[in-house]
Each structure stands twice: as structure tokens, then as C-alpha cells.
Amino acid sequence: MVGTAHRNNGVEGVAGGVGLTALLVAAARAIETHRHDALARDVYAEHFVRAAPACAGWPVRPQQVLDGDANPLWGRFARYFGLRTRVLDDFLLRSVHAGARQVVLLGAGLDARAFRLDWPAGSVLFEIDQESVLAFKHRVLDGLPATPKAARVPVPTDLRADWVAALTDAGFDPAAPSVWLAEGLLFYLPNAVETQLIDTVDRLSTQGSALAYEAKLEKDLQVYRDSPLYTSTKQQIGIDLLDLFVGEPRPDSAGRLTDKGWSTTVRTPFDFTRRHGRGPLPEPNDALAGNRWVFADKPRA
């Protein structure tokens, strides 16, 4: 269903079947975990990085980062991922405590929330991703003392396939409230596919459900071709994010959800930097300037 969008966690530029961008986020989470002022902790993240030979030289602790927070990739960008992790953690936990016991991670990648967050009784996490990604994840976790804190249901399917059937076959109940997360996914989706995904989530969500996702506003991402954030990512680890992102103008998915009766809130990452006192702040030629975090709730009658 999702066309070529799953390149971020799929088989392009991968080591052991795991997308390098999924490993980039894992490395950022590992660095954040070892900060004295960490916003989020993921003790499994560095194990994913170390298990992929292509990432052997990547840092997983702050003291391994040349130039520290002044490093655009492992400093500022990593702090962005740490902040994003914390904000989305908080959203998911609020949603399940409000009654949405089904959690669906779209393009789950190396997300370890099933293992590291304290879920209320009865919570079920469905992790949708390609079979190769989940197989790598299982191999790493099987070698660790890792026990999920909620029922965890891997759904090995490509979002280009009939993932709805795979999800319902795995036990997902559309009649029960759910909370959905598309973290670091929509940048890679063509306009029409993002719209289809949003419509599908709406169709599968009963009242009392919730959704969080990350979006971009720019009409032309190439204006950031010389941004330190993107150039450092390409130079230091060989990932050209602008070549992976779909360049066409993004749809107004938040507006679409509002039209369907959802209550939506759109925030900048900088809003949460100010709230938590840590994370990136605006700077010139800022590749994060158009990033938005969208939070949506489908109200109960």
C-alpha cells in the first residue's frame, strides 16, 4: 500500500536487512540514554547499532561524539531524536491510560517501547514492519535479558501489501479504542499514499482512539541542501536524507483528520524543547524548521 515509502526501514542501504536510518535513530537514542539529563532512556538501542557491521564506528555514548553537541549530526540531530522519543512516549502512555489499550506502531523499525515503557495491564502493542527488520530486531533482543512489559505482537508485513488484513489477523480489534504512531515515516510517503494511510487509520479507529505522527511543511526540501544537519549526516554516515524523502508538497493530513471529526493539535519540536529545557532550538538554514508533530484524538460521543 505504501509504494516506495518504506525505504527508511527497508532494504535500501541496509546492513542485515535493517535500514540505516532506523539505526541512525537507534544510535541517537543510545547517546540520549547515556546523557546525565536524558529525556528518554533506551538501553536496547546501542545493541541494535553494535549488531550491524555497517555502523561499527558510530557513537553510542556522548563522550564518543567528536565536538559534542556542536556536532550537527550526533549532537543537535541526536538531541532532536531524543526529544521526539520522549514526546511520543508521553503521548502513547497518556492515550493508553485514557483507555486505548491497543497500540499500533506503523513502520516500527527498532522501536523498543514494548520493553522499556511501563504499560498498564491489558495493553497490546502491534509492531508493523518488514519481515527482515523484525527478524533483525528479534535476533538482537533474543540475546539480551529483554522482557516486554505488555503483550507484543509483531506483524511482519510490508506497508505496500495488505497490512490491514495482516493487522486484523494478528488480533487487532477495530471496535476497540487504539492509539497509532507513525514516527519518522511520512517523510518517505508519496502524497496520495500518505492520504490513503490517514484514511485507513481513521477507518480502523473507533471513538476514543488517538494518532501521533511527524510531518514536514516545506514545499521544496532542496532549499535545505546545504543545511549542516543534512550535510553532516551525508558526510559522516553516508545517508542523504533529501534523496530518501519524497520531494512533492505534503498533504494537509491534520486538516483531513479535522474534517473527519478528529481533534488535532500541531506543534513544532521547538515547543517541546522549551517545555523540557533540552533539545534543538531554531537556527539559520534550519532543516528542522518545517518539522511538525501532530497529535489527534477521535472524541467519544
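This is a predicted model: local features need pLDDT of at least 70, side-chain atom pairs count only at pLDDT 80 or more; totals for chains, interfaces and linings use all residues.
In soluble globular proteins, nonpolar side chains tend to be buried together. In the present model, the largest nonpolar core comprises 72 residues, and those with the most contacts inside it are Phe48, Trp58, Trp74, Phe77 and Trp119. Helix H3, which spans residues 72-97, gives the most to this core, with 13 residues. A second, separate core of 28 residues has Val155, Leu185, Leu204 and Leu211 among its members.

The largest pocket holds about 180 Å³ of space, and of the 15 residues that line this pocket, Ala215, Lys216, Leu217, Pro251 and Asp252 lie nearest its centre. Two or more lining residues are given by each of S7, helix H10 (253-259) and strand S9 (291-297), with S7 giving the most, namely 3 residues. By class, the lining consists of 8 nonpolar, 1 polar and 6 charged residues.

Strand S7, which covers residues 210-216, also contains Glu214. Because its relative accessibility is 2%, below the 20% limit, Glu214 counts as buried. The side chain of Glu214 makes a polar contact with the side chain of Trp293, at 3.5 Å. Beyond residues up to four places away in sequence, Glu214 touches Tyr80 and Arg84, a set running from Ala182, Glu183 and Gly184 to Leu186 and Phe187, and finally Asn291, Arg292 and Trp293.

Conventions:
Residues are numbered from 1 along each chain as its sequence is written. Side-chain values use heavy atoms; hydrogens and water are left out. Helices (H or I, at least four residues) and strands (E, at least two) are DSSP runs, numbered from the N terminus. Buried means under 20% relative accessible area, exposed over 50%, partly exposed in between (1.4 Å probe, protein chains only). A polar contact is a pair of N or O atoms within 3.5 Å; within protein, one must be able to donate a hydrogen and the other to accept it, and residues adjacent in sequence count only if both atoms are side-chain atoms. Contact means heavy atoms within 4.5 Å. On a 1 Å grid over the protein atoms alone, a cavity is a set of points where a 1.4 Å probe fits but cannot get out, and a pocket is an open set with protein on both sides within 12 Å along at least five of seven lines; lining residues have an atom within 4 Å of a point. Grid points are joined across faces, edges and corners, and a volume is the space filled by probe spheres set on the points. Ala, Val, Leu, Ile, Met, Phe, Trp, Tyr, Cys and Pro count as nonpolar, Asp, Glu, Lys and Arg as charged, and the others, Gly among them, as polar. A nonpolar core is a set of buried Ala, Val, Leu, Ile, Met, Phe, Trp, Tyr and Cys residues joined through side-chain atoms within 4.5 Å.
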